[in-house]
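These are my notes from going through one model. I wrote down each thing as I looked it up.

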Amino acid sequence: MKRLGTLVISIILLMNFTAAYAWGPMGHDVVAAIAEQHLTKKAKKEIAKLLDGKSIVYYSSWMDSIQNSPYWEDGYNKTKTWHYANVDKGLTYQTMPKNENGDVVTGLEFLTKEMTENYDNLTDSVKVDYLKMIVHMVGDLHCPMHAGRLSDLGGNRMQVKWFGQNSSLHSVWDSKIVESARKWSCSEWVDQLDRTDKNFKKSVMCGTYEEWFVDTVEGAARIYEYVENMDPERRNLSYQFVYDFSPLLEDRLLVGGYRLAYVLNTIFK
Ligand SMILES: [Zn+2]
C-alpha cells in the first residue's frame, strides 16, 4: 500500500511537472496533426524516414517526456528553458531581459539553423531529436501562457479556480481549457479547425519565430488583463472564460499547426 501511495504521489508530481512546461498532450497533438495535413511530399518522406515510420503527432510531447529520462542527463537538460520566453507586463520579447540559457525563440532558431545549414554534419540520431524538439517547440511558441510574466513564472504562480478547483493560470492554458472547450478527439479537432482558405494559410505560413511570438505575447497580455479585472477573491474561471477565449485557443492551435508545416517544409526542401 505504501508503495502504491508513493507511486500515486510520483505520478501526481510528474503530471504537475509536465503541466508547468507545455501545452498538454492534446494541444501538441492537434498542432502536429494539423501540420501533417500540410506537409509537402518531400517533407513527409524525409520525416517518415527519420522517425522510422512514426508520425510527428506520435512524438509531439517527446520533449516533455525526456525531462524524466536518461536523455536529460545526457546533455538535454540545457533545453529546460526552451519551452517558453517570459515577458513581463509592459515589455516585449525584444525589451525583456533574455534568459541566458535560451528560450523558445532562440532554441527554435538554433535547431532550425542546425537542420538547414549544418544538416549533413549531424548524426541521424541528433537529426531525429532536433526534429522532435522543433515539432514540440513550435506548439509551445504559440501557447499564450508560454509568453507569461517572469514575475509569476509564466502564470504558474497566479492562482485561480477552474470550475471551482484550485489551479494556476498557466495550467488552465496548458491543458484544462483544451479539455473543457470540446470533448473532441485529436482528429475531430483537426477536422473542425482546419477549414480555412488558401489566403489565410498564405498569410500565416511565412515570417520568423520572433515575429510569431508577438501574437503569443499579445494573447498572454489579454489573458492577464481579463483575470486581473476579476475580483481576486472570485477568480473562478469556467464556462464564460472558455467561451471568451475559445477563438484565441482555436487560432493558436491552427496557426501553430500551419506554421509547423511551414518550418518542416522549409527544412526538408
Ligand atoms: Zn513544452
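This is a predicted model: local features need pLDDT of at least 70, side-chain atom pairs count only at pLDDT 80 or more; totals for chains, interfaces and linings use all residues.

Entry 1, the second largest pocket. I looked up which helices supply at least two residues each to the lining, and found helix 6 (104-117), helix 11 (209-228) and helix 12 (239-267). Helix 12 gives the most, with three residues. I then noted the lining by name: Glu109, Thr112, Gly207, Thr208, Tyr209, Trp212, Tyr262, Val263 and Thr266. By kind, the lining residues divide into four nonpolar, four polar and one charged. For the space inside the second largest pocket I have about 170 Å³.

I found an open sheet of three strands, in the order 2-1-3, with mixed pairing. Strand 2 (165-168) and strand 3 (236-237) are its edge strands, since each pairs on one side only. How do strand 1 and strand 2 pair, parallel or antiparallel? Strand 1 (residues 159-162) is antiparallel to strand 2, and four bridges join the two. Strand 1 and strand 3 run parallel, with two bridges between them.

I also listed some partners across the strands. Val160 has Ser167 as its bridge partner in strand 2. Lys161 stands opposite Asn166 in strand 2 and opposite Asn236 in strand 3. Strand 1 and strand 2 form a hairpin with two residues between them. In the turn, Phe163 has a positive phi of about 50°.

I searched the whole structure and got 18 aromatic pairs. One of them is Tyr58 with Tyr59, which is edge-to-face, at 4.9 Å centre to centre and 80° between the planes. Tyr58 counts as exposed because its relative accessibility is 54%, whereas Tyr59 has 18% and is therefore buried.

Next I looked at Trp82 and Phe110. Their ring centres are 6.0 Å apart and their planes are at 65°, so this pair is edge-to-face. Trp82 is in the loop between helix 5 (70-73) and helix 6, and Phe110 is in helix 6; the pair links distant parts of the chain, 28 residues apart. Trp82, at 8% relative accessibility, counts as buried. Phe110, at 34%, counts as partly exposed.

I also found a cluster linked by ring pairs, made of Trp162, Phe163, Trp173, Tyr226, Tyr239, Phe241 and Phe245.

How many disulfides does a search of the whole structure find? The count is zero. Cys143 is in no disulfide, and the nearest cysteine sulfur, that of Cys186, is 16 Å away. Cys143 has 0% relative accessibility and so counts as buried. Cys206, at 36%, counts as partly exposed.

How values were computed:
Residues are numbered from 1 along each chain as its sequence is written. Side-chain values use heavy atoms; hydrogens and water are left out. On a 1 Å grid over the protein atoms alone, a cavity is a set of points where a 1.4 Å probe fits but cannot get out, and a pocket is an open set with protein on both sides within 12 Å along at least five of seven lines; lining residues have an atom within 4 Å of a point. Grid points are joined across faces, edges and corners, and a volume is the space filled by probe spheres set on the points. Ala, Val, Leu, Ile, Met, Phe, Trp, Tyr, Cys and Pro count as nonpolar, Asp, Glu, Lys and Arg as charged, and the others, Gly among them, as polar. A disulfide is a pair of cysteine sulfur atoms within 2.5 Å. Buried means under 20% relative accessible area, exposed over 50%, partly exposed in between (1.4 Å probe, protein chains only). Two strands pair if DSSP finds at least two bridges between them. Rings of Phe, Tyr and Trp (its six-membered ring) pair if their centres lie within 6.5 Å; planes under 30 degrees apart count as stacked, over 60 as edge-to-face and the rest as tilted.
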